[in-house]
Amino acid sequence: METRQGVAPVRGGLRSMLFMVVATVALPSVLLAQQASFTATQAESGATVYESVCAVCHLANMQGSGDAPQLAGTDFRNFRGNESAVELLRYLRTTMPPGQEGTLTDDEYAAVAAYIMRENGVVAGTAPLDFASAGALVLGGASVAAVGPGGIVPPVPGTPGTGPSPEGVNSLPDYGALSETPTGATRTYVPIEDFVSVSDAELRDPAPGDWLSPRGNLGAWGYSPLDQINTENVDRLELAWVWGMEDGTRSQPAPLVRDGVMFLPNWGNTIQALDARDGTLLWEYRRSFPEGISGGRGRARTIAIWEDLIVVSTNDAYMLALDAVTGEVRWETQVAEPGLGFENSSGPVIANGKAVNGINGCTRLIPESCFITAHDLRTGRELWRRYTIARPGEPGGDTWGGLPLELRGGGDVWNTGAYDPELGLVYFGVAQAKPWASASRGLTMADSALYTSSTLALDEDTGEIVWYRQHVPAESLDLDEGMEQILVDIEGIPALVTSGKHGVLWKLDRRNGRFLGLREMVYQNVLDLDSEIGAVRYRPDIRDAQIAQWVSVCPSTAGGKNWHAMGYHPGRGVIVAPLSQSCMDYAAREVEMVEGGGSSGGTRVWMEMPGTDGNLGKLGAYDLRTMEEVWSVEQRAPFLTSALTTGGGLVFMGDYDRWVRAYDVTNGEMLWESRLATAVQGYPMTYEVDGVQYLAVPTGVIGGSPWNVSRFLAPEIRIPPGNRHNAMYVFRLNGS
């Protein structure tokens, strides 16, 4: 690991739109005596990168515009001609693109430089350009000024010089301490002082002012006991600070807070530590992805904290731990081989010194099916692995109609699990089989395909399945049940409540999976439900549908209930659920069932849900003792955040139409609202620093079916184009 100490901050704001020209007036003669080499393949690749990243400022013909200078031609060659190619590469990496410095790979920066060289008349060679290359950028360029034997003479008012003043700044210097690994880099600006490690005991019983788990506690309640902001004064909320997050789609972050520091996951596995009082950046870690793996393909919902570690599950199927004080990598473990398509949409749950994490990206048909792993938090060593697809010869292995293991797809784990330390069990929701429809899989509806569309209760020490409940056997409509698992005690019974895309609220005994009750929270016409024992049966036409036969289905794959987590309010004994009201026509497609193949295999057409008057969004509160609906709110815009409940008697929610609102948890009355820059999406949370309670609300764009339904069925709701409005908005009471 390489560490470099940074220097003073940049002065004078001398930054162009994309590329500041730096005059290098004194270079080692060994560099200037030869031409740097690049390959034709590099230059071609660089042309593609240039078009997508650089041409917006420097133009397609490389002639520049405004502050973005010419990159090909006499002016460029005269000014930069004899500069070291390596200096250009280093400059590009530390300054380009503006505001997104270092977001390209080293290979991409080298390719852009190779393209610039080619367009300035340099002939490609056999050796590729890289950060260790020797030689000049473009031999034969004119020097800016002759440097005499006495060296550089800087200009003074009234007298020209042969070079710039030595104290001038025309290139962004390194700032902060840089720590690099082959897979990422950390920049530490302000090390966190007096950080107090987070123990397992604290995770089980967190301090009210901290937010130590993605849903506030290990039972995934989504509840804070803080009550400084309450039903009487919530209308006094005002913006305290805002932090612009990484550009990218499917941004659905769940921040953590410890002792006044916010740890924030961004798109592309960039992790940042911010002063939670005012949003000052303290450190950030940026993930670098291998060729062919894009950090943008997967969201980065949640992270975890344990002792002095921030634990991250990455989009390229690694588990890593960052030092909470500096952001430096402490350990890193590869969970799956690159190129197999595995990724992580969410981070682990912490269970007694172990990080327990579920993988996703399991559409491809390969022998290595989806799985859940446990890792030793001190070393990163894998302790056990539990596959979510039952294997031939194992319990449940005969539920796949004789399909060989390599043709058993799906079983993704999209969301963070929950943990009961008294029972020693971790709980995960497992998504559907792939392809989506039994007909596409070459199976019948009698083939239940364990352990898909199930809740799994695993022994924390061994990964053994202690019990499971398959909510919908042979699920065939992309209405999976792999969402959050909420652990609550109801009338003396340790219970688990969960809900999936069918919009059915399930209540189970979390000791053994015994069925305790259900509630249909939105209109559904897919399943016949036995409310006494929880048995389900598909509607006959759905059960018998073959390839290319269309069926009418409510709800659609937006949900019912999707990834937006429910919130539990212990004082009221209610679950508050963000729901979606839409329907679809669905047809299964034929999928070639061969090893290495696979796809989702479904076609959908969306429509409004009958009886809703076009209200796509619903927020409902349900008494967990009776499973009855206590109140509900319906609106045109779909809800795109999880529900946050508080000791102040409030529920906070955000939606597609850019509104964040506070509701009274007793009756659903709307008490406060604020409109933000783009869709409000992710996991709101609340915390306290120096006696002041804050509310943190994320914004972001794009996110699967919930987002698509918004675009298709409510086209009149307009949000700003692009993905440059991802942000964290933080509020507090005025005068606090």
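The legends below describe close-up views of a predicted model. Local features are given where pLDDT is at least 70 and side-chain atom pairs count only at pLDDT 80 or more, while totals for chains, interfaces and linings use all residues. Residues are numbered from 1 along each chain as its sequence is written, and side-chain values use heavy atoms, with hydrogens and water left out.

View 1. Helix 5 has 14 residues and spans 20 Å from its first C-alpha to its last, close to the 20 Å expected at 1.5 Å a residue; the expected span is 1.5 Å times one less than the number of residues. Helices (H or I, at least four residues) and strands (E, at least two) are DSSP runs, numbered from the N terminus. The buried residues of helix 5 are Y109, A110, A111, V112, A113, A114, Y115, I116 and M117. Buried means under 20% relative accessible area, exposed over 50% and partly exposed in between (1.4 Å probe, protein chains only). These buried residues pack against helix 2 (40–58), helix 3 (74–80) and helix 4. Just after helix 5, G121 has a positive phi of about 90°.

**View 2. Helix 4 against helix 5.** Helix 4 (residues 85–95) and helix 5 (residues 106–119) pack at an angle of about 125°, and their axes are 10 Å apart. Helix 4 is therefore oblique to helix 5. Axes are lines fitted to C-alpha atoms, for helices over the stretch in contact, and angles run from 0 to 180 degrees between N-to-C directions. Angles under 35 degrees count as roughly parallel, over 145 as roughly antiparallel, 65 to 115 as roughly perpendicular and the rest as oblique. L88, L89, L92 and R93 of helix 4 meet D106, Y109, A110 and A113 of helix 5, where contact means heavy atoms within 4.5 Å. By class, this contact has six nonpolar, no polar and two charged residues. Ala, Val, Leu, Ile, Met, Phe, Trp, Tyr, Cys and Pro count as nonpolar, Asp, Glu, Lys and Arg as charged, and the others, Gly among them, as polar.

**View 3. Helix 2 against helix 5.** The two helices pack at an angle of about 100°, with axes 7 Å apart, and are therefore roughly perpendicular to each other. Helix 2 contributes Q42, A43, E44, S45, G46, A47, V49, Y50 and C54 to the contact, and helix 5 contributes E108, A110, A111, V112, A114, Y115 and R118. The residues of this contact divide into ten nonpolar, three polar and three charged.

**View 4. The surroundings of A72.** A72 lies in the loop between helix 2 and helix 3 and, at 10% relative accessibility, counts as buried. Leaving aside neighbours within four places in sequence, A72 is in contact with M62, Q63, E119 and N120. The C-alpha atoms of A72 and G121, 49 residues apart along the chain, are separated by 8.9 Å.

View 5. Most residues other than glycine have a negative phi, and most peptide bonds are trans. The peptide bond from K434 to P435 is cis, with omega near -10°, and P435 is in the loop between strand 21 (433–434) and helix 7 (438–441). The bond from C554 to P555 is also cis, with omega near 0°. N269, not a glycine, has a positive phi of about 60° and is buried at a relative accessible area of 2%. M627 likewise has a positive phi, near 65°, and is buried at 5% relative accessibility.
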